[in-house]
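Visitor: I am new here and would like to look inside this protein. Could you show it to me and take my questions as they come?

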Amino acid sequence: MAAYAYIDNQINFVDFRPLTPSSSGGPPSFDQVFLSYNPLLFVVPHFSVPLNPSLLIQMDEERSLSLLQLIANEGLVPAREEEEKRKSVIKKLKQIVLSWAKKVAWQRRLPKEQIAQTHATILTYGSYGLGVHGSESDIDALCVGPQFATMAEDFFIVLRNMLKSRSEVTEIHCVKDAKVPLMRFKFDGVLIDLPYAQLRVLSVPDDVDVLSPFFVRDIDETSWKSLSGVRANQRIIQLVPDLEKFQSVLRCVKLWAKRRGVYGNLNGFLGGVHLAILLAFVCQNFPKGSISALITNFFKTFAFWPWPTPVMLQDTMSPSGYPSETRSLMPISLPCSSHEYCHTNITRSTFYKIRAEFLRAHNLTRDILRPDFDWHTLFEPFPFSKKYARFVKVYLSASNHDDLGDWVGWVKSRFRGLLVKLEEVQGLCDPNPTEYADADAAEPNVVFYWGLQPGRTHFLDIESVQKDFWKNITNGYQGYIGRMKLSIVQASQLVRNSQFDSGSGKRTKACWKIIDYNLASVPTYSQHMPNYFVGYMAANEGTTKHPSGGG
């Protein structure tokens with residue numbers, strides 16, 4: 001009889017050899033012969049027949065290959081043509097930003113020699129920067145400019161107008177007062193999120209090292225926040241021992257989180273950066289693990305993680321020791337700094353759901369070498385309609401799709417307040433991140449269904465909750481205020497949609513647009529060159545307020 005056991009921090013092949021039966025007539029005793037074996041980093045279940053290490057390695061490779069095939073079948077890896085298109089978009093953006101920096105340098109009346117040397121660049125981050133984007137993913141790109149290029153005038157006016165004049169650019173919008181101010185637009189059909197960081201240098205090289213203290217010294221708080229995503233991405237890439245395996249497993253983990261309803265920072269779950277850091281932590285602790293071993297250990301590690309102990313990568317750039325963090329249920333430290341944490345909206349309800357899903361995934365993957373194992377079970381969509389008998393229906397609508405996008409984005413940025421209120425009056429609540437539409441409604445709409453804790457049958461005054469939430473979402477919103485209605489529905493009243501429990505619904509990324517058509521435009525002149533016209537600004541751009549960027 002053979003099995004594998006975790007002994008002295010190493011996986012060993014254990015051959016249990018029976019000795020002579022006991023004199024008492026009980027079961028025979030066994031002698032254990034340990035054969036060193038360490039390509040896999042998980043405990044394999046007992047087998048009825050002896051297996052040798054080479055066969056186990058082969059079985060593990062087959063499991064890894066089948067997982068990679070699942071990724072391909074799900075369409076998570078973009079085609080070569082789509083990759084080339086994105087590369088072309090980034091190349092064109094870099095050329096535009098370079099021309100913009102030189103134009104701003106000329107407006108500042110810098111010497112010709114300095115203008116010639118002036119440079120700005122584009123750095124990618126997020127799923128694209130990590131190399132785990134899909135065929136329909138947007139691109140998170142950071143514009144990094146020199147010290148004389150300001151955000152208010154040069155980025156949001158000069159660069160915006162340069163982009164708007166390009167035939168490849170459509171649907172350009174500005175989000176000025178978010179936590180991370182940015183422009184959002186489509187370039188050759190690819191959605192781009194473009195924040196700005198202003199460095200204290202006269203020229204920003206293409207290969208600027210944003211991890212270097214030299215380039216980030218004395219920068220303003222907004223630029224620091226804009227840089228945090230790029231810095232985290234670059235440091236994760238440097239710290240993981242095998243980037244290709246990390247990318248493959250991260251695609252799987254994101255698919256799992258979306259299917260099981262635990263993906264989405266605005267709904268109180270895990271975002272892309274959270275999952276990337278958690279997986280990088282596992283990769284550091286199991287540097288030789290196979291793809292199947294890494295995903296197994298990912299779920300095992302966080303099914304039993306002693307929260308709120310922070311998750312911190314082994315990073316020589318950060319001081320050792322745990323920083324204090326008392327506000328978050330699941331603190332995850334950003335790389336490069338032991339004093340910064342990933343922004344999170346996790347509540348008691350979502351914390352419980354995330355932990356439950358980690359434990360389920362661990363139970364499903366702990367014996368991945370058993371003959372009947374199937375990866376598809378891990379990625380089965382969460383059965384909301386079977387799990388919960390009652391739901392809070394969140395209905396949002398507006399008179400047109402543009403206004404609806406603004407309204408939904410804003411309301412989603414306030415979802416945490418609604419979730420906390422429901423926890424107070426009802427108990428645990430599961431805020432399904434998937435968006436649906438009420439086909440019977442005449443106006444454009446988005447609908448959310450949040451599961452209510454099973455067994456809680458006492459009366460819920462949903463009108464009072466709605467009144468409280470309405471005050472929250474209308475306070476400070478300067479855009480078109482749409483409709484919002486909360487109601488309690490039974491599982492039997494859910495939309496008759498075969499996709500309800502599929503986890504395949506669409507999601508609206510939080511963005512509050514400044515739509516400049518049909519609005520009066522105000523000519524804007526340079527603050528540095530009297531009477532020099534720099535472009536037009538929508539009449540209300542200077543007063544529109546968007547307190548939170550979300551995302």
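Visitor: Leaving aside neighbours within four places in sequence, which residues is Phe302 in contact with?
Guide: Happy to start there, and please keep in mind that this is a predicted model. Once the neighbours within four places in sequence are set aside, the contacts of Phe302 are Leu278, Phe281, Val282, Trp307, Val311, Arg355 and Phe358.

Visitor: Which residues have the most contacts inside the largest nonpolar core?
Guide: That core has 58 residues. The elements giving it two or more residues are α1 (53-73), α7, α8, α9, α10, α11 and α12 (375-378). The residues with the most contacts inside the core are Phe246, Trp256, Phe298, Phe302 and Phe358.

Visitor: Which element gives the most to this core, and with how many residues?
Guide: Let us look at what is buried there. In α9 the buried residues include Leu275, Ile277, Leu278, Leu279, Phe281 and Val282. The element that gives the most to the core is α9, with nine residues.

Visitor: Is α9 largely enclosed or largely open?
Guide: Of the 14 residues of α9, 11 are buried. They pack against α4 (126-130), α7 (221-239), α8 (243-259), α10 (291-303) and α11 (348-365). Because 11 of the 14 are buried, α9 is largely enclosed by the rest of the structure.

Visitor: How far apart are the end C-alpha atoms of α9?
Guide: Helix α9 covers residues 272-285, which makes 14 residues. At 1.5 Å a residue it should span 20 Å. The model agrees with this, as the end C-alpha atoms are 20 Å apart.

Visitor: How many residues are in the second, separate core?
Guide: Among its members are Ile139, Cys143, Met151 and Phe185. This second core is separate, and its count is 36 residues.

Visitor: What is the volume of the largest cavity?
Guide: Rolling a probe the size of a water molecule over the atoms shows where empty space is left. Here the count is two cavities of 30 Å³ or more. The largest is lined by Trp224, Ser228, Arg231, Ala232, Leu334, Pro335, Cys336, Ser337 and Glu340, a lining of five nonpolar, two polar and two charged residues. Its volume is about 60 Å³.

Visitor: And how much space lies in the second largest cavity?
Guide: Its lining is made up of Pro241, Asp242, Lys245, Cys283, Phe286, Pro287, Gly289 and Leu294. By type, those are five nonpolar, one polar and two charged. Cys283 is also one of the buried residues of α9. The space in this second largest cavity is about 40 Å³.

Technical notes. Residues are numbered from 1 along each chain as its sequence is written. This is a predicted model: local features need pLDDT of at least 70, side-chain atom pairs count only at pLDDT 80 or more; totals for chains, interfaces and linings use all residues. Side-chain values use heavy atoms; hydrogens and water are left out. Helices (H or I, at least four residues) and strands (E, at least two) are DSSP runs, numbered from the N terminus. The expected span of a helix is 1.5 Å times one less than its number of residues. Buried means under 20% relative accessible area, exposed over 50%, partly exposed in between (1.4 Å probe, protein chains only). Contact means heavy atoms within 4.5 Å. On a 1 Å grid over the protein atoms alone, a cavity is a set of points where a 1.4 Å probe fits but cannot get out, and a pocket is an open set with protein on both sides within 12 Å along at least five of seven lines; lining residues have an atom within 4 Å of a point. Grid points are joined across faces, edges and corners, and a volume is the space filled by probe spheres set on the points. Ala, Val, Leu, Ile, Met, Phe, Trp, Tyr, Cys and Pro count as nonpolar, Asp, Glu, Lys and Arg as charged, and the others, Gly among them, as polar. A nonpolar core is a set of buried Ala, Val, Leu, Ile, Met, Phe, Trp, Tyr and Cys residues joined through side-chain atoms within 4.5 Å.
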